[in-house]
Amino acid sequence: MAKQMTGAEMVVQALADQGVDTVFGYPGGAVLPIYDAIFHQNYVKHVLVRHEQGAGHAAEGYARSTGKVGVLLVTSGPGATNAVTALTDALMDSIPLVCLTGQVPTHLIGSDAFQECDTVGITRHCTKHNYLVRSIEDLPRILHEAFHVARSGRPGPVVVDLPKDVQFATGDYNFVKNITHKTYQPKMKGDLDKIKQAVEMMAQAKRPVFYTGGGVINSGKPASDTLRELAGLTGFPVTSTLMGLGAYPANGKQWLGMLGMHGTYEANLTMHGSDLIICVGARFDDRITGRLDAFAPDAKKIHIDIDPSSINKNVKVDLGIIGDCGHVLEDMVRLWRSEARKSDAAALSEWWKQIDIWRKRNSLAFRNSKNVIKPQHAVQRLYELTKDRDTYITTEVGQHQMWAAQHYHFNEPNRWMTSGGLGTMGYGLPAAIGTQMAHPQSLVIDIAGEASILMNIQEMSTAHQYRLPVKIFILNNEYMGMVRQWQELLHGGRYSESYSASLPDFVKLADAYGAKGIRCDDPAKLDDAIMEMINHPGAVIFDCLVDKEENCFPMIPSGKAHNEMILADVDQDIGAVIDEKGKMLV
Amino acid sequence: MTDIASLSPYSSATVRSNAERHTLSVLVDNEPGVLARVVGLFSGRGYNIESLTVAEVAHAEHWSRITIVTTGSPEAIEQISHQLERIVPIHKVTDLTLHGRSIERDLALIKVAGKGENRIEAQRLAQAFNAKIVDTTLESFIFELSGKPEKIDDFVELVRPLGLVELARTGIAALSRGPVAS
Ligand SMILES: Cc1ncc(C[n+]2csc(CCOP(=O)(O)OP(=O)(O)O)c2C)c(N)n1
Ligand SMILES: [Mg+2]
């Protein structure tokens, strides 16, 4: 049932057919026909950002909080290059995005025309796939294929580069709902024999642990539910990466907290001491494993991942199962039940006794103060005062991000939006905007650092334009705290260029952007100030002045193993703990 | 210069040592940019390319075959194969070296210039190696030689002192032995 329309109309029609209700974008010469098509319809809402990087992160926040594909629309040249950081961020964290870029007309490609850049060349390395549409005949197929590739398998960003003449051209539009791609066919179901083997290994295990990641979130809500069921059936402890928080509830009995560089003592020592690691949708990244040759020395490893290249990439595993973790977990639950499997109860109870000893170490503890707000305390109060609400949290990158991961607790998936793989400062505010667009009635909070927030502060204007009541909670330590911490630990306390000099007055800045500004530096007044923020119907910038030189612990120093982590109150020269090899690492 | 990678505790020593040479046969959709994707993957992830050939092999289907010779530990080569499989327009990646025995051929054009004894010796060697003479002047030849890459290496080394001027090679084309597709 082909319909005649222009390329620009096809773009908007395809968005509608894909169920896209919101697009984040910024106009320019090479996308004017598409903006004209947007003008003529009411289905797709366009959100005008203030920088294309913001459009990308907003689309990521939208995608991560809904499970849908996020869409951004940018012009050629600088529009496309400005989107590159967000595309790379989405690639690293497996976030489904479709990025539509304008391009100069096909006959000008290669002539260094005004605002021409080699978008497919530039974005080849930071997308899952990209397309340059050379003719109107290819456009409908490519548009729908782009969504298919972005959302299926291991999700990721896809760029569709649209020359202006193709936008103006007229052709037949078709919507094929179920695409089977001739080369791209990700494997969803895991190999049943291998899953049987995994279940057997789990029944035999004496010191098992589930190590889960962002893949569980990406697979969708049912995967999180099934993970909970399997954890319940087996009684095994559960830890997660930064990206996987919320898949297993933080208030669950078997929850160990996050693992890795700033993970809890119990999570890291459980990994180190385990005899079976069941890795679900995580990728043995260097922030997680620490020193590779000392990583979980006694553990057999099962790795469930939809991307075959993730398996055996960093850590050699004993059993790799390729498939969507939701499907594989479901098969595991079914087999565990039908084969009437039982965990080794005696061994498991010993294991839990050991874990409880590690838990008692209370590794997230910090010395609180009556005089100055401790950043951990601020996050704890924020959590206590918002936990019973419908809340979404985004973050920037730095110490505040780690404190948020440690002290804010997530009981549901899709509630936590953070830049994990790329670690992009400036992610949090646009991501909050995207999240708020998707959840207009919810409380959306960006836990920020004073340095990071300035990287995309212009998006306050976007929040103002669309009356988005996002709350920016700045843990203002007047330092690029994470950089300062590393300089303290590794570079003799020489704080080279890590002081946040000449900061704006964030309260006045809020005012300038039509938002409410709140400042608090008194632990006694913190709760009231947070309540004032929550109860304000519009956007808020909360300048929370915290202890300037607090360090983020626990910490596995670079190049060290899980059982060599530093805890908060260890009274030693930490610089001496990290050797020359460790200093080479980031 | 300090080799940062060798200092890094993250790269285990085993990844570096037992390097093997593998031939990968990659069937791709012949769309614009597909070669750039493959080559970009190798440079971006720091893999080696010893030889790379590409040409269309099925016109109607728009398929090309890219044959890549690479070196690395068995783990690294497995990783390369999987990374290649992630590229959307790639149909199939076959590690011919793992696949059993395969036929590998390289083709070279070799220009040799000289007079007298050297010229006669070059011609004699060409005969022994089954090289064809495809161009000749009174003082030069271009030989065409195809075969296993080592055979071409041997021939080139033999004619080098006789007046080797220049050399062009296609790189390796390879298929698995036997009746079925690899
Ligand atoms: C775009 C970008 N540039 C640089 C860095 C390196 N970096 C990581 S954390 C950090 C400091 C962040 O400071 P702030 O936002 O104040 O957070 P804090 O650590 O103080 O909580 C920097 C510069 C980065 N992650 N992203
Ligand atoms: Mg700071």
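1. Two strands count as paired if DSSP finds at least two bridges between them. In chain A, strand β2 (residues 22-25) and strand β4 (residues 70-74) run parallel and are joined by two bridges. Here strands (E, at least two residues) and helices (H or I, at least four) are DSSP runs, numbered from the N terminus. Gly25(A) has Leu73(A) of β4(A) as its bridge partner.

2. A word on the basis: this is a predicted model, where local features need pLDDT of at least 70 and side-chain atom pairs count only at pLDDT 80 or more, while totals for chains, interfaces and linings use all residues. Residues are numbered from 1 along each chain as its sequence is written.

3. Now the sheet in chain A: six strands form an open sheet in the order β3-β2-β4-β5-β7-β6, with parallel pairing. β3 (45-48) and β6 (129-132) of chain A each have a single partner strand, so one side of each is left without a neighbour in the sheet. From one strand to the next, the twist averages 20° (axes are lines fitted to C-alpha atoms, for helices over the stretch in contact, and angles run from 0 to 180 degrees between N-to-C directions).

4. Over in chain B, the axes of helix α2 (residues 34-44) and helix α3 (residues 74-86) come within 10 Å and cross at roughly 140°. That makes α2(B) oblique to α3(B), because angles under 35 degrees count as roughly parallel, over 145 as roughly antiparallel, 65 to 115 as roughly perpendicular and the rest as oblique.

5. Who touches whom? Val38(B), Leu41(B) and Phe42(B) of α2(B) meet Ile80(B), Gln83(B) and Leu84(B) of α3(B), where contact means heavy atoms within 4.5 Å.

Terms used
Chains lettered and ligands numbered in written order. Heavy atoms only, no water.
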